[in-house]
Amino acid sequence: MDKKVLSQKSIDSTCQSMIKKAEDEGIETIWDRLEKQQPQCGFGELGVCCKICMQGPCRIDPFKVGAQKGVCGANADTIVARNLVRAIAGGTAAHSGHAKHLAHILSKSAKGEFKDYPVKDPEKLKAVAARLGVDIEGKNNEELAREVARLALEEFSEKEGPNLWAATTVTKGRVDTFSKLGVVPGGIDSAISEIMHRTHYGVDADPVNLLLGGIKCSLADYAGCHMGTDLADILFGTPQPVVTEANMGVLKENAVNIALHGHNPALSDIIVQVAAEMQDEAKNMGASEGINLVGMCCTGNEVLMRHKIPPLTHSVSQELAIITGVIDAMVVDYQCVIPGLANLLDCYHTKLITTMPIAKISGAQHMELNEENARECAGDIIKTAIDSFGNRKPEKVNIPKEKNTAIAGFSTEAILGALGKVDSEDPLKPLIDNIVNGNILGVCLFAGCNNAKVPQDHNFVTMVKELAKNNVLILATGCGAGAFARYGLLTPEATLEYAGDGLKAVLTAVGEAAGLNGPLPMILHMGSCVDNSRAVDVAVAVANKLGVDLDKLPVVASAPEAMTEKAISIGTWAVSGGLPTHVGVIPPVLGSDLVAEVLTVKTKELVGGYFIVETDPLKACEKLLEAIKKRRQGLNI
Amino acid sequence: MKGLIAVDVNKCLGCHSCELGCAVEHSQSKHLFSAILEKPLPQNRVIVEHCDDTNIPLQCRHCEDPPCAKVCPTQAISKPEVGEAVLIEDELCIGCKVCILVCPFGSISLSKDDKNIIKCDLCFERTSEGQVPACVSNCPTNALQFIPVEQFTKEKRREFMVDFLKSS
């Protein structure tokens, strides 16, 4: 495979070397499967295929010669809208499932049933309880935890009032806008099930009404994300800046390498705690460097943020981790864990260990997390990994050398803490002053996945350099943040090399005040994909301070390599939150002019935010910069 | 590249992807996402017909003695060489529709604005560059193939032999 072909799959040199190794060994990866899927169905690409009832599948001819209506009479607009809002419901179910899992853990923890999950951050618990309207006076941690967990679990079912996690964490202006449109969600599960109801055969056929339903569900997704962040912080600690290394060079030949993959800290955080106590066991089995935990995708982000576990690789390159030949166990929870991993088990010694009852993979070993005995489960899993160390196939071992320093851990609390070092009375002042004086042109949140259809990380890296050069302050989460970590972009050095003069001055002033002897990293890594809620918290604080709503701020978002339904739901709540939101792949909506028009234009009138679909990363930057400048003009700054 | 479009009806799932691929190939932009926005909209020349439980993508068979060319009063339809595509020269076409009447396969039709006769051109631009026609490359199950006649007949004979030996 020549260099050009490799660079069309991933721009990460470690990934390229592993793709080549896979090819030499005749092993199939995600890119081979993408190629075998060509040509992909044009009806699906346009979103005009409907499989909802058994009179279908129906397809609408985009060239207007063949059928223009499905058997039931639904036209392209209805079909595209129905498919889109179902994707939003899928994303919402995933994020909120993650949050619900943590809510159950907090509830049982408060009752003393889950002893391995004590409250780690009582301050955050208090802050969340107070925000939810709990009278915190005189209550101990257990009482508060019980109350917060009860309120959290109540947010899922049918309820009369607005969803607390959505309503208490946004601006008053947003609440008014959402109320006016009738899109304030109640229970999160109710919002999901309402989408499944209204998209059922013969229910909602009005595309605009369907899309409003999608907005409502996306706000339930936002509530689930925010709850996921809050509860994870309460149970496992609120992140503070950490320094580590990223990319495949973090693997150690003489250690038991355990990759933690998926999305939830429920097991992975416990594994981190227990592994620290089992180093000797690994050494006794011949692993002179003990246990080496590494992270993948958002489980990786969770343990990076709280325990500086080095991120290994992300999203589309997850199979390549196994191809290094030194991953003794890959422990997975749920979401973005591809079944293709199991295909590699015939050729490599890696133990693929599934741990969640709802996420099993044929061919993997299932060691289910029992939260009552979480530490014991973690210990068993680590033992399995240690046993696997002895089964390595030396001829298969090839660890890429490259790794880069990465600074992460920028929770909202950490960011406000750093800003507070500049102005302890009014931590937001330095940020707002610098936005007003133009040192910071605006803020961009990078989020979302990689997508095998885009050369891995190409859009992320191209765009972030261009925006930073134009003095845009960058926040990042998810696999986007992971990408930046692997290229050394989460460092002060990156600030000095790529940031524009204004941004460089601000990051340096804050970094110096925080005692870093240099600038803050060019990109602030805020965590996993549910942690996009942290970025909202910062934006809401700024908006409230300025006395304007979110849709007036020079803040934009981008998912330049989006892939999952979760990306669609997050993108939709970012738009609903008032942000111009870039998507770097074409979503399956072009089959309806009306839906495309609503998403990219009409939402601006309804909620202030709108989608920008642009596959060229530099053109996307131009469009985002233009949106930021327009917002600045609107604020007269 | 010379060949014929061979159809394996057992493999056709009726997904209509060949129709989309054909329309995109006959667009200005040659790309699905922009082709659906063009004016006039491009049109497909292959049509998936369905009868009983069988789907069959039908397109011009590029007859060696094409009746459409024979009846065309303005010689707008021609077959320059043996084994090559039957083509229409739009400037010469007067829209009399006689070709539509005589085509035994119903593979010649009128454009949506009624102004042009349209039919499969065997993607002559693609095939002259060694590529297969768009309908073939867009078929996800390989129900459509573009192969030399000799190869097709050889494969057909093989199949016949296998069946014959099995049943005898």
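Leaving aside its neighbours within four places in sequence, which residues is E155(A) in contact with? Contact here means heavy atoms within 4.5 Å. E155(A) touches N163(A), L164(A), W165(A), G186(A), G187(A), I188(A) and M227(A). The residue lies in the loop between α7 (141–154) and α8 (164–167) of chain A. E155(A) is buried, with a relative accessible area of 1%. The word "buried" stands for under 20% relative accessible area, "exposed" for over 50%, and "partly exposed" for what falls in between (1.4 Å probe, protein chains only). Helices (H or I, at least four residues) and strands (E, at least two) are DSSP runs, numbered from the N terminus.

A word on the model itself. This is a predicted model, in which local features need pLDDT of at least 70 and side-chain atom pairs count only at pLDDT 80 or more, while totals for chains, interfaces and linings use all residues. Residues are numbered from 1 along each chain as its sequence is written, chains are lettered from A and ligands numbered from 1 in the order in which they are written, and side-chain values use heavy atoms, with hydrogens and water left out.

Now look at the strands of chain A. Six of them form an open sheet, in the order β6-β5-β4-β7-β8-β9, and the pairing is parallel. Two strands pair if DSSP finds at least two bridges between them. β6 (311–313) and β9 (365–366) of chain A stand at the edges. Each has a single partner strand, so one side of each is left without a neighbour in the sheet. Follow β9(A) to its partner. Strand β8 (residues 351–354) of chain A is joined to β9(A) by two bridges, and they run parallel. Here T354(A) stands opposite H366(A).

Another parallel pair is β12 (residues 472–477) and β13 of chain A, joined by four bridges. L475(A) faces L524(A) in β13(A). Strand β13 (residues 523–527) of chain A is mostly covered, with five of its five residues buried.

Helix α14 (residues 297–307) of chain A is another covered element. Of its 11 residues, 10 are buried, so the helix is largely enclosed by the rest of the structure. Among the buried ones are C297(A), N301(A), E302(A) and R306(A). After α14(A) comes K308(A), whose phi is positive, near 45°.

Next, the charged side chains. Side chains of opposite charge can pair when their charged atoms come close. A salt bridge is a side-chain nitrogen of Lys or Arg within 4 Å of a carboxyl oxygen of Asp or Glu. By this rule there are 41 salt bridges over all chains. One of them joins R392(A) and D328(A), at 2.7 Å from N to O. This pair links distant parts of the chain, 64 residues apart. R392(A) sits in the loop between α17 (374–389) and β10 (404–408) of chain A, while D328(A) is in strand β7 (residues 327–332) of chain A. R392(A) counts as buried at 14% relative accessibility. D328(A) is buried too, with a relative accessible area of 0%.

K469(A) and E466(A) also form a salt bridge, with their closest N and O atoms 3.3 Å apart. These two are three residues apart in helix α20 (residues 458–469) of chain A, which means they are separated by about one helical turn. E466(A) counts as partly exposed, at 22% relative accessibility.

D531(A) counts as buried at 1% relative accessibility, and R534(A) is buried with a relative accessible area of 1%.

Finally, how do the two chains meet? In chain B, 20 residues are in contact with 15 residues of chain A. The two chains bury about 1,500 Å² between them, 73% of it on carbon and sulfur atoms. Buried area is the accessible area (1.4 Å probe) that two parts lose on being put together, summed over both. L20(B), F33(B) and I36(B) supply 40% of the area that chain B buries against chain A, more than any other three residues. The count of salt bridges between chain B and chain A is zero.
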